Amino acid sequence: MQLPTGKRFLTGDRPTGPLHIGHFVGSLQNRVALQNAGNEGFIVIADYQVITDRLDTEAVEKNIIDIVKDYLAVGIDPAKSTIFIQSHIQELAELTTIFSMLVTLPQIERNPTVKEEIHAMGLKNKVSLGMLSYPVSPAADILLLQPDFVPVGVDQAPHVELAREIAGRFNRAFGEVYHIPELMLSHYPRLVGLDGDQKMSKSRGNAINLSDPPEVVELKIKKAVTDSYTTVVYDPKKRPIISNMLTLFSVVTGQPPEVIAQQFGSKGYREFKEELIVAINAFLQPIQKRRSEVSDDEVARIVRNGTARARGIAAETMKETRAAMKFHYPKIYG
Ligand code: TRP
């Protein structure tokens, strides 16, 4: 695929835990490629989004530091990609208030990501108002920084669509302020977790984290669910569980899954798992080496600088927004 160049992009993560191999293939790798192709990156750490479904905030700061270390370890360069904290840009809260008036209830209620997350939480009356309306917050993240495009996976695509709708609605109501960003969809298939039936996820305990030491990788792979066959065959329809593990093997070695399957054939799962452990650890080793070279102080500096830089752009966009809405009150404030 031809990468754009000379453009601005924005994407983000929720600081709920360490990043894993699924994040690497689905999005981190792409961010690094985009930044190195001469695009200007913005990465929002969406801490408000953490409290949509939990009020325990004990680990948030540590999670932010860990995520930034993961970013740096995979090659995100703070000189090319600005990393910032959502709750420390006040304009994001202002813009979320304004944008929430530009969104109708049906627009929110048909958002498939919100539906799925609410469903996963069980009882509907436990759902906070902020959870229901949360897609307005990424829309503010996106539009405030005025990116040209937003690279995300399919589950986040509805949020980008909503941001585009909000931008259009604002511009029609108050005048052209917002640039309407493009969606850049990641086509990489979601990695399935080690439990064999759900996507690899921070919160489901079924992932290989980028920061997992070799003994943890070994334990996780040994415990990973397998099927009751004995041969290693790549056939996602008939043999999904072993095929998912072959996909993981393929991701960490760069070899096609069919080729790996042929190498094992009838050697059995034990040997396959042993080789998979070796391959994952070889893949993680250089990432972890770079990770170990980053200090907490360096992370703190990068995040403070990134947030300050994002704030500068935020203030500009907010000024234009207020003026367009006639909320700058020249008779009162001159
Ligand atoms: N909603 C994203 C997630 O759950 C994180 C996020 C917040 C985001 N704001 C964003 C992603 C803006 C892309 C653009 O992972």
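I take helices (H or I, at least four residues) and strands (E, at least two) as DSSP runs, numbered from the N terminus.

I worked on a predicted model, in which local features need pLDDT of at least 70 and side-chain atom pairs count only at pLDDT 80 or more, while totals for chains, interfaces and linings use all residues. I number residues from 1 along each chain as its sequence is written, and side-chain values use heavy atoms, with hydrogens and water left out.

**Cavity**

Grid points are joined across faces, edges and corners, and a volume is the space filled by probe spheres set on the points. I found 1 cavity of 30 Å³ or more, and the largest cavity has a volume of about 50 Å³. I recorded its lining as Gly26, Ser27, Asn30, Arg31, Pro151, Val152, Gly153 and Ser186. Both α1 (21-36) and β4 (149-152) supply at least two residues each to this lining, and α1 gives the most, with 4 residues. I sorted the lining by class, with Ala, Val, Leu, Ile, Met, Phe, Trp, Tyr, Cys and Pro as nonpolar, Asp, Glu, Lys and Arg as charged, and the others, Gly among them, as polar. The lining of the largest cavity has 2 nonpolar, 5 polar and 1 charged residues.

**Second largest pocket**

I next looked up open space, a pocket being an open set with protein on both sides within 12 Å along at least five of seven lines. The second largest pocket has a volume of about 310 Å³. I counted 16 lining residues, of which Glu61, Ile64, Ile85, Val303 and Arg304 lie nearest the centre of the pocket. At least two lining residues come from each of α2 (60-74) and α13 (296-325), and α13 gives the most, with 8 residues. By class, I noted 8 nonpolar, 3 polar and 5 charged residues in this lining.

I compared axes, which are lines fitted to C-alpha atoms, for helices over the stretch in contact, with angles from 0 to 180 degrees between N-to-C directions. The axes of α7 (residues 136-144) and α8 (residues 157-174) come within 9 Å and cross at roughly 65 degrees. I therefore class α7 and α8 as roughly perpendicular to each other (angles of 65 to 115 degrees; under 35 is roughly parallel, over 145 roughly antiparallel and the rest oblique). Contact (heavy atoms within 4.5 Å) is made by Val136, Pro138, Ala139, Ile142 and Leu143 of α7 with His159, Val160, Leu162, Ala163, Ile166 and Ala167 of α8.

The axes of α2 and α12 (residues 269-292) come within 8 Å and cross at roughly 120 degrees, which makes α2 oblique to α12. From α2, I listed Asp66, Lys69, Asp70, Leu72, Ala73 and Val74 as meeting Ile287, Arg290 and Arg291 in α12. These residues divide into 4 nonpolar, no polar and 5 charged.

**Backbone**

I checked phi last. Most residues other than glycine have a negative phi. Glutamine 146 has a positive phi of about 50 degrees and sits in the loop between α7 and β4. Tyrosine 329 has a positive phi of about 45 degrees, and I placed tyrosine 329 in the loop between α13 and α14 (330-333).

How values were computed
On a 1 Å grid over the protein atoms alone, a cavity is a set of points where a 1.4 Å probe fits but cannot get out, and a pocket is an open set with protein on both sides within 12 Å along at least five of seven lines; lining residues have an atom within 4 Å of a point.
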